[in-house]
Amino acid sequence: MKNNTQVGKYKIVALLHKGYYFADYRVIDENGIKHYMRLINPAKLHDLQLMPGCDQILELTMSQGIVHPNIARQSDTGEIIVDGQRYLYIVRDFFPGELLSDKLDREAHCSIYEVHHIISGVLNALKFLHNQSVPLIYNHIDPEGILLDISKQEIYPILNDFGHARHLNKENHKPYIIGLPLFYMAPELLLRGIYSTRSDLYAVGALMYHLIFGMEPWEIDLNDTTEPIKDVLEARKTPLPIPNLNIFELDDNLLRIMAKALAQDVDDRFQNAEEFLAALNGLTDVKCDNYQRIELTSKTEEHNGSIKKSKGNGFADVAGMTELKQRLQEDVIDLLRHPEKYQKLRVKIPNGMLLYGPPGCGKTFIAEKFAEELGCNFIKVDCSDIASPYIHGGQSKIAELFKEAAKNAPTILFLDELEAMITDRSRHTNISEQGEVNVFLTQLNNCSERGIFVIGATNKPDMIDPAALRAGRLDIKVYVPAPDKEGRKEILKLALHNRCASNIDYDILAKETTGYVSADITEMINQAAITTVKNNGDTIMMDTLMETIKNGINQWPSVTAKQLQEYEDIRERFESKKTLRRSVGFISSENKP
């Protein structure tokens, strides 16, 4: 259907997603209120999508009357005839969001913090569906069957597609499973079309695995097999493979939870969503060690096939800084990842980027996660790495450094404390040091053409030679500020996940840590953890955190309000000189003196 086509009292605004027998649209009603609409072509439906003995479509009846915060509410149904073809439609409430599959296409995987929110929401929805008077089995727990509501502060999953759902009763109509990913389907569903609450929970385990590792459990190349179901079931005869990735906050308990959820014997899995949730929230111990750690093969290519994917979670590990991450994605990463899109308009690929701001705000961490997001090699360089006791020795080291980066391209070359390497030449009296700056400037020229993207980090941007900041060298400048209240909440949640009590009040902690930089928060939590161990505890309590903050009043925040204002002044001065192509930050009034 084209935009502006009238469907009943709704007008089509945009196509969102298209399948074989349906199309999903964003529509508006006569009052201008937005909705989601699924338009179904009955002529393309399979017999399994119809009630036996009649032409009633099962999908239209599955979600009627269901009200739950993690389930899209059906508000209207109807039918229309267009060009001699009958169509049926289902209308659901609108919220700003995206498919979980879109997020995974963009980011490949999620942080453990995000995984916990997504899986908890999905399990709460299943708990509601499974506990109906006649249990309703969703049968579509995979990234295509889950929408993410992005209007809320936390990641909020919504079950949105009931095209495969079935009631669990004596009739037990077989589900329509064409198009469902094999790796998400429990053995009994895959082999015989038999479903239950536990087959849904198996799929939750597969989703959890996919979100963490960026691949599906027991994943095989389906292009290399003529009997995919047989080969998938054969692969599952081995223990659950755990990739050898160093993932922040991934512990043995989560591995045991996944292994239990993905048990091939239905009786060995979680018996219901409540049991799964209790394990996920650390309320019960899970005893299941049917998994094995494996070395990854060379299958590490990025989605466009041109960049090698390095290990790590990328920006998913960066708490808060939403605007900063979004700008880096739009202004830098997209250009570097898809240069062919910009070549027609002769857009110049960015050469480098300067991260500047107060110490302890995570500039180095952001650079590392930037490299993971792109999937590039990462070389970190400190001032001592290029020091030499010989005259002009440093110059040869600099040249060799860029040569090595080009040899291993694509490479992110990270220069920490850039002001010590490319100091303003007007401050120099040493001829050799001036020569090293000149070599740096020469090497920075158009290094993007050699597959190198340079990131410099500094706490003293006004001490860097201005020539390094011009176009064709460090093209993009990004201000990395101290986190505001929401940023501190995100950092606290990520750092405390799976090692704190359930009654932590993050709003109070964020208020009490006003002015703290990322490094301050990390150190504060570390001190609280040490205190907990000394007191023979195994969970960090709220009162321990508050006491640690109180005791550290002379230690934190490490950057004063006056210093933060000085950085704001530097930022304004940089921008007024128009040396910044882009400045990104979220300093708020609470951080100003």
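In which hand does α17 pass α18 in their crossing? This is a predicted model, in which local features need pLDDT of at least 70 and side-chain atom pairs count only at pLDDT 80 or more, while totals for chains, interfaces and linings use all residues. Residues are numbered from 1 along each chain as its sequence is written, and side-chain values use heavy atoms, with hydrogens and water left out.

The crossing of α17 and α18 is right-handed, a crossing being called left-handed if the near helix is turned anticlockwise from the far one by less than a right angle, and right-handed if clockwise. Helices and strands are taken here as DSSP runs numbered from the N terminus, helices being H or I with at least four residues and strands E with at least two. Two packed helices are described by the angle between their axes and the distance between the axes. For helix α17 (residues 518–534) and helix α18 (residues 542–551), the axes come within 9 Å and cross at roughly 120°, where axes are lines fitted to C-alpha atoms, for helices over the stretch in contact, and angles run from 0 to 180 degrees between N-to-C directions. The two helices are therefore oblique to each other, since angles under 35 degrees count as roughly parallel, over 145 as roughly antiparallel, 65 to 115 as roughly perpendicular and the rest as oblique. On the α17 side, Met524, Gln527, Ala528, Thr531 and Thr532 meet Thr544, Leu545, Thr548 and Ile549 of α18, contact meaning heavy atoms within 4.5 Å. By class, this contact of α17 with α18 has four nonpolar, five polar and no charged residues, with Ala, Val, Leu, Ile, Met, Phe, Trp, Tyr, Cys and Pro counted as nonpolar, Asp, Glu, Lys and Arg as charged, and the others, Gly among them, as polar.

We turn next to the sheets. Strands of a sheet pair through backbone hydrogen bonds, either parallel or antiparallel, and two strands are taken to pair if DSSP finds at least two bridges between them. Five strands form an open sheet with parallel pairing in the order β15-β16-β17-β14-β18, and its edge strands, β15 (377–381) and β18 (476–479), each pair on one side only. From one strand to the next the twist averages 20°. β15 is joined in the parallel sense to strand β16 (residues 411–415) over five bridges, and leucine 415 in β16 is the bridge partner of valine 381. Helix α9 (residues 322–337) lies across β14 (352–356), β17 (452–458) and β18, running at about 160° to β18, whereas helix α11 (residues 363–374) touches β14, β15, β16 and β17, its direction making about 175° with that of β16. A cis peptide bond, with omega near 5°, leads from alanine 409 to proline 410, and proline 410 is found in the loop between α12 (393–407) and β16.

A second open sheet has three strands in the order β7-β9-β10, with antiparallel pairing. β7 (97–99) and β10 (156–159) stand at its edges, each with a single partner strand, so one side of each is left without a neighbour in the sheet. Neighbouring strands of this sheet are turned by 30° against each other on average, direction ignored. Between β7 and strand β9 (residues 146–149) there are three bridges in the antiparallel sense, and glutamate 98 stands opposite leucine 148 in β9. Helix α3 (residues 112–130) packs on the sheet, touching β9 and β10, and its direction makes about 35° with that of β10.

Helix α3 also has a part in covering α7: what covers the buried residues of α7 includes α3, α5 (197–213), β12 (240–243), α8 (273–280) and β13 (291–294). Of the ten residues of helix α7 (residues 252–261), eight are buried, where buried means under 20% relative accessible area, exposed over 50% and partly exposed in between, with a 1.4 Å probe and protein chains only. Among these buried residues are Leu254, Leu255, Ile257 and Met258, and Lys260 is also one of them.

Some backbone details remain. Asparagine 139 has a positive phi of about 60° although it is not a glycine; its place is in the loop between β8 (136–137) and β9, and asparagine 139 is buried, with a relative accessible area of 6%. Tryptophan 218, likewise not a glycine, has a positive phi of about 55° and is found in the loop between α5 and α6 (228–235), where tryptophan 218 is buried with a relative accessible area of 7%.
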